[in-house]
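Please walk me through this structure in plain paragraphs.

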Amino acid sequence: MRHRAQTKSFLERGGFGLLALVALIVFAFDVLPAARLLLAALFPGGVFNPDAMLSALSSRSAMNAARATLETALLSTLLALPLGTAMALVLGVTDIRRRRIASFLFVLSVMISPQVIALAFLHLAGPASPILNALGLAPEAGSANPMLGRGGIILVLGLHHAPLVYVVMSAGLKRIPLAVVEAARIDGARPLGILVDHLMPLLRPHLVSAALLAFVAGIGNFGIPALLGAPVNYLTLPVLIYRRLSSFGTDMIGDVSALGLLVAAIAIVCVAASQFLTRKHGVHLEDDTPLKPFWPLGHARIAVEIFVTVVLAVTLVLPILSLLAAALVPSYGMPLSLATVTLDNFIEVLARQDVTIRAFTNSLIYAGGAACVLALLVVPVAYGLIRLVGRSRILAVSLLEISYVLPGIVLAIACILLFLKPMPLVGFSLYATPWIIVFAYLARFLSVALKPVLAGMVQIDVAQEEAAAIDGARLMQRLFGIVLPSLLPAAVAGGLMAFLLAFSELTVSALLWSAGTETIGVVLYNLEEAGLASQASAVAIVIIGVVTIAMLVLDALGKYLPAGALPWQCEMEGEERMNAKPLHIPARAPAIKQLEPKPALS
């Protein structure tokens, strides 16, 4: 009887409605697209025909694209892994100066869309490079651009995904207890010995996880292989899917669904393995004292800071300078000098060209609208997941990750399948309308916007809500009066993070745009394909400016957010932390225990 009374009270307070909202969001944005893709691959034309799927996957073009996808993803991971790990260790355990600035700039390089980075490296090398021509170092006219093809894709993917490795490894360092270092120092271990013998074994699951995530990012990347591989007919699976669907239309939907399912299967397996490793094998301290920088570099600090500067120069500064140089010359291939500098390309794309002006407007509206909707949704969703779902929370959070785990080109195919025909009840189709792009953004970036809010929701004490409930406050009153004020900064940050990723993306909108709904990522790609490289570079510079401003706003919000909400933030500079709170060696180090899974912080 008591259980029934509690259940009735719970339903009267509106809990059932909130649970229904969470279930609807999970189903609409994650389960439905994945199920529709699977259905199209197994039932082409509405008839169960696994032979058709096997035929699509075993064709020569599919096999060549699969091989190209796997080799570029694997080899780029072998570059990203040591580079990102080295940056995480340098910025996380040493007394290097300006750690926060270096971290911000390194993560900024991965927040810039892949096609922008690919365009930058394409213009950085080759006989037409404005920078190389200005320095007199350009290769002989007519020679091939070294960035085109397999080698260029591997290099750019590796450099672009190194910050992903950095984020994962930095998160792993933050979960290691300070007691590990203190206990090792009691035993007389030096900093290098502490790192090699004590920290690296604890970081091994995160190292594997980082490798898997970099590999998945390489598998699903479209912008870099499209710009660097397609011109020389070196096609990866996402580029092959794009070519087939854009060339033959919806007649190829069964074949591209099968190819998309292959890409999705690889990605989901790798991400699942990554999350299993980081949840199962992490450690934390009972008093949760975090790891602090413990390695004073002395005279070697200058050399380490030079290394960090070189990495930032290669991953961020040189690409931006390359784009700026290409945008400031009248036409691509001319050397950059005082006599050739012009702003005509910026004026052309920002004031004269209707298509670029419309694309900037569309991207701001679509990405901004999706970000606002997500910022409104994530608070009730996070509350429902933490307070109401119970043991099913692990499954719900995992399902919410599906659309983000799916490569963007695969999610686009799923959206086409969902909205190609008129929807039941309403009688109209979203296909070839802006709404299909907005839906894809909502589905893809929901988990991104949700993460900081989930992290904040876990830290809200339930006692305040219990006291309000005793006074008669219903669920909505508690949600808006107690929970929302605490989670508002995290919700804004989540929305901004979604905007940051959606504003210039190409992978999703490449297949979903139509005349009048072009996004800025699509226009940039089309300008480069049309040979208007200087105008494409001007668009890319504006994109980088918008992304940088959004990240600066997020950084300013950082002090109001839960720890770990922003991947680039460091609490203090390494030198400041060491001087402010020197390591204290206790008589008895607190015990380390195995980390219990925290599904809400997936």
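Arg-358 is partly exposed, with a relative accessibility of 32%; the term covers values between buried (under 20% relative accessible area) and exposed (over 50%), found with a 1.4 Å probe on protein chains only. The model is predicted, so local features need pLDDT of at least 70 and side-chain atom pairs count only at pLDDT 80 or more, while totals for chains, interfaces and linings use all residues. Residues are numbered from 1 along each chain as its sequence is written, and side-chain values use heavy atoms, with hydrogens and water left out.

The side chain of Arg-358 meets that of Glu-518 in a salt bridge, at 3.1 Å from N to O. A salt bridge here is a side-chain nitrogen of Lys or Arg within 4 Å of a carboxyl oxygen of Asp or Glu. Arg-358 sits in helix H16 (residues 354-388) and Glu-518 in the loop between helix H23 (509-512) and helix H24 (520-529), so this pair links distant parts of the chain, 160 residues apart. Helices are DSSP runs of H or I with at least four residues, strands are runs of E with at least two, and both are numbered from the N terminus. Glu-518 is buried, at 8% relative accessible area.

Side chains of opposite charge can pair when their charged atoms come close. The structure has six salt bridges by this rule. One of them joins Arg-100 to Asp-555, with the closest N and O atoms 3.2 Å apart. Because Arg-100 lies in helix H5 and Asp-555 in helix H25 (residues 533-557), the pair ties together parts that are 455 residues apart in sequence. Arg-100 is partly exposed at 33%, whereas Asp-555 is buried at 17%.

Glu-348 and Arg-352 form a salt bridge as well, at 3.3 Å from N to O. Both residues belong to helix H15 (residues 344-352) and are four residues apart, about one turn of the helix. Arg-352 is partly exposed, with a relative accessible area of 48%.

How do H15 and H25 pack? Their axes are 9 Å apart, at an angle of about 70°; axes are lines fitted to C-alpha atoms, for helices over the stretch in contact, and angles run from 0 to 180 degrees between N-to-C directions. H15 is therefore roughly perpendicular to H25, a class that spans 65 to 115 degrees, with under 35 roughly parallel, over 145 roughly antiparallel and the rest oblique. Residues in contact (heavy atoms within 4.5 Å) include Phe-346 and Glu-348 of H15 and Ala-538 and Val-542 of H25.

Aromatic rings form another kind of pair. The whole structure holds eight aromatic pairs; rings of Phe, Tyr and Trp (its six-membered ring) pair if their centres lie within 6.5 Å, and planes under 30 degrees apart count as stacked, over 60 as edge-to-face and the rest as tilted. The rings of Phe-106 and Tyr-166 are edge-to-face, because their centres are 5.5 Å apart and their planes are at 80°. Phe-106 is in helix H5 (residues 99-111) and Tyr-166 in helix H8 (residues 150-174), so the pair ties together parts 60 residues apart in sequence. Both residues are buried. Elsewhere, Phe-29, Phe-419 and Phe-439 make up one aromatic cluster.

The search finds zero disulfides, a disulfide being a pair of cysteine sulfur atoms within 2.5 Å. Cys-372 is exposed at 51% relative accessibility, while Cys-415 is buried at 0%.
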